[in-house]
Amino acid sequence: MNKIAVLAALGATALLGDATAQEPAKLSAQDLLDIRQLIDGYSHVLDNCTNNGNDYANLYTADATFGVSKEWGKAKIWFRGREQLRRAGGGTETACRPRQSQGYAYHLTINPVITAMSTGAHAISTLLTITNDTDDRGDIVHWEGGYEDTFEKTPAGWRFKSRVHVWPEVEWTDRVEDMPPRKLADE
């Protein structure tokens, strides 16, 4: 092979290598289904505190965070790591916290927009709550902002790397204890 052919082959290889490196990250159909299952399963696990909060913590990577924000793209981290997330999911030293008997809100996450990232995936979604209101008004549906999520694929499947509850109606503080009480939509 002559020098020109070798240089042309090397140049083509370099160009193809660069083109491959520029391709955007992609998610398979199975990845999208698995991420959607994680998003949908979150509400059930949170609303029912199963396995002393451990099932909730299992939805996250070991080093994951949960935070809150008034606007997209910013977060005040409230929970970091497995033990804090377990407690956020309702776990205590021995069992789940007792469930509120009236006005309990069930979480409904809708319309997730899932995109691939080089390190996993990202999603934004809308959060509604349905309050189990036992008076003549029936159930109350309330918009509570949404979630901004990052996901990581682990040996156990897709997990939340971070989850931020974005709710513009709330002036979030840095303290979990200051979380606003749930109010019915007409209060």
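Residues are numbered from 1 along each chain as its sequence is written, and side-chain values use heavy atoms, with hydrogens and water left out. Since the model is predicted, local features need pLDDT of at least 70 and side-chain atom pairs count only at pLDDT 80 or more, while totals for chains, interfaces and linings use all residues.

To start with the overall layout, the protein has 4 helices and 6 strands. These elements are DSSP runs numbered from the N terminus, with helices (H or I) of at least four residues and strands (E) of at least two. Going along the sequence, the order is α-α-α-β-β-α-β-β-β-β. Of the 187 residues, 37% count as buried; here buried means under 20% relative accessible area, exposed means over 50%, and partly exposed lies in between (1.4 Å probe, protein chains only).

Next come the aromatic rings. A pair of aromatic rings is described by the distance of the centres and the angle of the planes. Rings of Phe, Tyr and Trp (for Trp, the six-membered ring) pair if their centres lie within 6.5 Å; planes under 30 degrees apart count as stacked, over 60 as edge-to-face and the rest as tilted. F66 belongs to strand β1 (residues 60–69) and F79 to strand β2 (residues 76–80), so the pair ties together parts that are 13 residues apart in sequence. F66 is buried at 9% relative accessibility, and F79 is buried too, at 16%.

Strand β2 also contributes W78, which pairs with W172 in the segment after β6 (157–166), so parts 94 residues apart in sequence are tied together. The ring centres of W78 and W172 are 5.4 Å apart and the planes sit at 80 degrees, so the pair is edge-to-face. W78 counts as buried at 9% relative accessibility, and W172 does so at 7%.

Elsewhere, ring pairs join Y42, Y56, Y60, Y147, F151 and F160 into a cluster. Two of these rings have a charge over them, meaning that NZ of Lys or CZ of Arg is within 6 Å of the ring centre and within 35 degrees of the ring normal. R163 puts its charged end over the ring of Y42, 4.1 Å from the centre, and also over the ring of Y147, 3.6 Å from the centre.

The structure also holds 1 disulfide, that is, a pair of cysteine sulfur atoms within 2.5 Å. The partners are C49 and C96, with sulfur atoms 2.0 Å apart. The torsion about their S-S bond is about -85 degrees, so the disulfide is left-handed. Distant parts of the chain are linked this way: C49 is in the loop between α2 (29–48) and α3 (54–57), and C96, 47 residues apart from it, is in the loop between α4 (82–88) and β3 (105–117). C49 is buried at 15% relative accessible area, whereas C96 is partly exposed at 27%.

Finally, W72, V113 and I124 make a nonpolar surface patch of about 270 Å². V113 is in strand β3 and is partly exposed, with a relative accessible area of 46%. Patches are made of residues with over 30% relative accessible area and no salt bridge, with like charges joined within 9 Å and nonpolar side chains (Val, Leu, Ile, Met, Phe, Trp, Tyr) within 5 Å. A salt bridge is a side-chain nitrogen of Lys or Arg within 4 Å of a carboxyl oxygen of Asp or Glu. Accessible areas come from the Shrake-Rupley method with a 1.4 Å probe, and for residues only the protein chains shown count as cover.
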